[in-house]
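Student: I am new to this structure and would like to go through it one question at a time. Please show it first.

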Amino acid sequence: MVSIAHEVQSAHAPAHGAHGSHEPSVLDGPLSAPVGHHLPTTTGLDSRKLLMWLFLASDCMFFGSLIGTFMTYKGRSLIPPSPHEIFDIPYTSVSAFVLLMSSLTMVLALAAIQRNDPIRLRVWLITTALLGTVFIGGQYYEFHVFYQEGLNLQHSLFGSAFFTLTGFHGAHVTIGIFWLLYMTALSWTGRLNAEQPLFIEIAGLYWHFVDIVWIVIFTVVYLLP
Amino acid sequence: MAVTIPRPAAPAAPVQAAPEYGTLPSYRGFLSWLTTVDHKRIGILYGCTAFAFFLLGGVEALMIRIQLATPNGTFVSPDAFNQLFTMHGTTMIFLFVMPMSVAFFNYIVPLQIGAPDVAFPRLNAFSYWTFLFGGIFMNASYFVDGLPDGGWFGYVPLTGPIYSPSMRIDFWMLGLQVLGVASLAGAFNFLVTIINMRAPGMSLMRMPIFTWNTLITSFLLIFAFPSITVGLILMMFDRFFGTNFYYAPNGGDPLLWQHLFWIFGHPEVYILILPAMGMVSEILPVFSKKPLFGYPFVVYATVAIGFIGFGVWSHHMFTTGLGPIANAFFAASTMLIAVPTGVKIFNWMFTMQGGAIRFTTAMLFAIGFVSMFTIGGLSGVMHAVVPIDMQHQDSYFVVAHFHYVLFGGAIFGILGGIHFWWPKFTGTMLSEKLGKWTFWLVFVGFNLTFGPMHFLGVDGMPRRIYTYSTFQGWSGWFGYDWLGWNMICTIGAFIIAIGILTFIYNAFHSLMGPKNAPNDPWDAATLEWSLPSPPPVYNFRVDPVVRSRDAWWSWKRRRQAVEAGENVATVTLAGHELGHVEFEEDHPSEEYLAQEANFTHGDPSTVHIPNPSFFPLIAALGLVTMAVGMIFSYVLAVVGFLYLIVAIGGWAMEPTG
């Protein structure tokens, strides 16, 4: 007769075999290491990646509500300046272009880790973070110019809605920059294995989302008459 | 041909090896609760905390009813009355019904889907601590500046800086933000768990119906909460930084708050009721000994409610003058959402029809849910009709309506769920005799409290008034000023209180008694009942294999068939097909034996158990420190933020074992 304990062991054996080649890494235990993540999931999608997708879905509603607020108040500000007296669209177009290019470098970073090329991974991660920083610097300069011209958070309805919406987007980009730098540091200290493009992929999902949101904000806030 | 099952006479001698806790120490006693990441313990923490807030909200309700029992009441001041009704609503919604539902999600869902835990155990602990600190933070307002007093809906401009200069609203809006973080983190966790951690063979249409309701509720949460988050951020900016979002003199529009609030607020109604619907959908089949009637339709109806629930919010705003087109649209969508709800009610009734019904306490609460929720649903459809709604707006008729759906619905469902799953949670059985006393006291008290409010409402009694005079016709029967519907309501409220006290006595009495609850006291349908009561820390020793809906019923029938040597391929219950099984002819397969090992608890498992961790608690403290800092000192807010960052860093670097 076969003991139950033996049955349990044998039932577990294939699952352990399935991840035998997995190199242990510090990232096996970060922020969101799920239970039993070494086991195949129901959908085949890693739980951490699924979490990021769901978070982005929720964040869509967050930005949707902020953009909706801006749209509601468009043209209802009682105090000048109006948006088109103050916007410098060519300038903001350049900074939007910089941010969009950072999505390209983000993809190159992911391709690098998938090819097991840690040098290029770090090059492209730092480039992405730099492009993001240029965008944030541009936003800071733009805010500064507007502030000089008298537009601030309290000044008018337009000021409140504009600084809140773009400010929250800027905060998202800033978090993304720190995340990319953290990933670079992990790669530098050898703790980001070539077997784990997942972590770059998840950071990339977030980064691309933030870029896409900027396309919407740029259109709605700056371009729409 | 009879089949002999080589079942071990005695399970292999229990191996006393310590469970694997990885590299961190396993804490004991009080520390083990502070550091726990076990979904069952977190469920218990959620449940106990939510119940404590339930008692707090209940005491607030009783004070409201004492004040309103007689005309010209002087029990509390008008200011105190505003605080009471605000915190009664806020507490019952955000600090009782939602977290109590989460307690059930935590304890039940991983067991129902055959998972070892939720997907992100530490994030789960973080949700709990954030909820606890958020609830304490909001109520701590009492010791600083009095409780929040702007209503649970917090309409601007009343809650703006001009008309509410005190700190009360600051505590309310920041407390809601903190609670929102807890709810969102929990919802993400349950979504990933349900989507990704189901046992082999558990397709979506084999999922237990409670798990389905958890899934839809979590989707509602992640899509609805950002809206109130933005609303609250704008309110916070208006109050702290002098922005103009709701400030009409600069062009701001107070209606924006109402939209942002109700785009969240109406899905929130379904966030409150869907978990209770899920519990009732589990209880009714078990005590009718019949599978849930029209399971796919109940699932589709739940999904439909989830979708349409986002398209009805403006029925809370018919009197704000949105115009005939908007009113017509929202009236139609509101009537439309009654259709899937009605589908569910008929499914529950047909589940009971022809069943072998056992009137246990849980079943009584479930039947009470169906009948009381129907009454509340019908008065809800009345409010879809714009002219009627305009008459009822801000009257006690509305109070009657939403208490019939939230108390007669959500709380009846939760009380049913507590009585149903109590043996699984605690390993002890509740007294059925006391349980029936609880049910009848709560049922009678509930109808005495909220039934007459329909009459008061159509008689013109407004909500949120702290008192009324003898001339207004809401009292004064038989020449006695103090006698009237309001007095009946108050008496009913105290009968509910006696019912709840009966439950508390029953609970303590049962916890003091022997831990002798069987694994499956009700002959129930879902996998959590296959495990010991309470289940071992690792839940299942091997992944359960699911071959049909109602997996545990199906397994039990299959086992009977194996023992009887029947060569059946279809498992039926009460004439209803549960599903098909692949039958082994000669001897029980390895899978069969491994599955049996799950159900005959013996030696500890080799299942990986996540490490306990302090970091969820530490991170939650950082979050609430930020909230305190926003009110008292921005320096403290920055300190709280940096502390949170450090905590997350430590969290990220901590080995999970």
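Student: In which loop of chain B is Pro157(B) found?
Tutor: The model is a predicted one. In it, Val156(B) and Pro157(B) are joined by a cis peptide bond, with omega at about 0°. As for the place of Pro157(B), it is the loop between helix H4 (121-144) and H5 of chain B.

Student: Which peptide bond at Pro81(A) is cis?
Tutor: Pro81(A) sits in the loop between H2 and helix H3 (83-86) of chain A. Omega is near 5° for the cis bond, which runs from Pro80(A) to Pro81(A).

Student: How many helices and strands does chain B have?
Tutor: Chain B has 657 residues, and 56% of them are buried. Among its contacts with a separation of 6 or more, 81% are between residues 24 or more positions apart. The secondary structure of chain B comes to 18 helices and 2 strands.

Student: What share of the residues in chain A is buried?
Tutor: Chain A contains 7 helices and 0 strands, in the order α-α-α-α-α-α-α from the N terminus. Its contacts with a separation of 6 or more are 79% between residues 24 or more positions apart. Of the 225 residues in chain A, the buried share is 35%.

Student: Are H3(B) and H5(B) roughly parallel or roughly antiparallel to each other?
Tutor: Helix H3 (residues 78-112) and helix H5 (residues 168-196), both of chain B, have axes 11 Å apart and pack at an angle of about 25°. Angles under 35 degrees count as roughly parallel. H3(B) and H5(B) are therefore roughly parallel.

Student: Is the crossing of H3(B) and H5(B) left-handed or right-handed?
Tutor: Residues of H3(B) that take part in the contact include Phe94(B), Met98(B) and Phe105(B), while those of H5(B) include Leu176(B), Gly186(B) and Phe190(B). By class, this contact of H3(B) with H5(B) has 10 nonpolar, 3 polar and no charged residues. The crossing of the two helices, H3(B) and H5(B), is left-handed.

Student: How do the axes of helix H2 of chain A and helix H6 of chain B lie, and what does that make H2(A) relative to H6(B)?
Tutor: The axes of helix H2 (residues 47-72) of chain A and helix H6 (residues 209-241) of chain B come within 8 Å and cross at roughly 40°. That angle makes H2(A), relative to H6(B), oblique.

Student: Is Asn116(A) buried or exposed?
Tutor: Asn116(A) is in the loop between helix H4 (89-114) and helix H5 (118-148) of chain A. Its phi is near 60°, a positive value in a residue other than glycine. With 11 other C-beta atoms within 10 Å, Asn116(A) is exposed.

Methods
Residues are numbered from 1 along each chain as its sequence is written. Chains are lettered from A and ligands numbered from 1 in the order in which they are written. This is a predicted model: local features need pLDDT of at least 70, side-chain atom pairs count only at pLDDT 80 or more; totals for chains, interfaces and linings use all residues. Axes are lines fitted to C-alpha atoms, for helices over the stretch in contact, and angles run from 0 to 180 degrees between N-to-C directions. Helices (H or I, at least four residues) and strands (E, at least two) are DSSP runs, numbered from the N terminus. Angles under 35 degrees count as roughly parallel, over 145 as roughly antiparallel, 65 to 115 as roughly perpendicular and the rest as oblique. A residue is buried if 20 or more other C-beta atoms lie within 10 Å of its own, exposed if 12 or fewer, and partly exposed in between; C-beta atoms are placed from the backbone. Two residues are in contact if their C-beta atoms, placed from the backbone, lie within 7 Å. A crossing is left-handed if the near helix is turned anticlockwise from the far one by less than a right angle, and right-handed if clockwise. Ala, Val, Leu, Ile, Met, Phe, Trp, Tyr, Cys and Pro count as nonpolar, Asp, Glu, Lys and Arg as charged, and the others, Gly among them, as polar.
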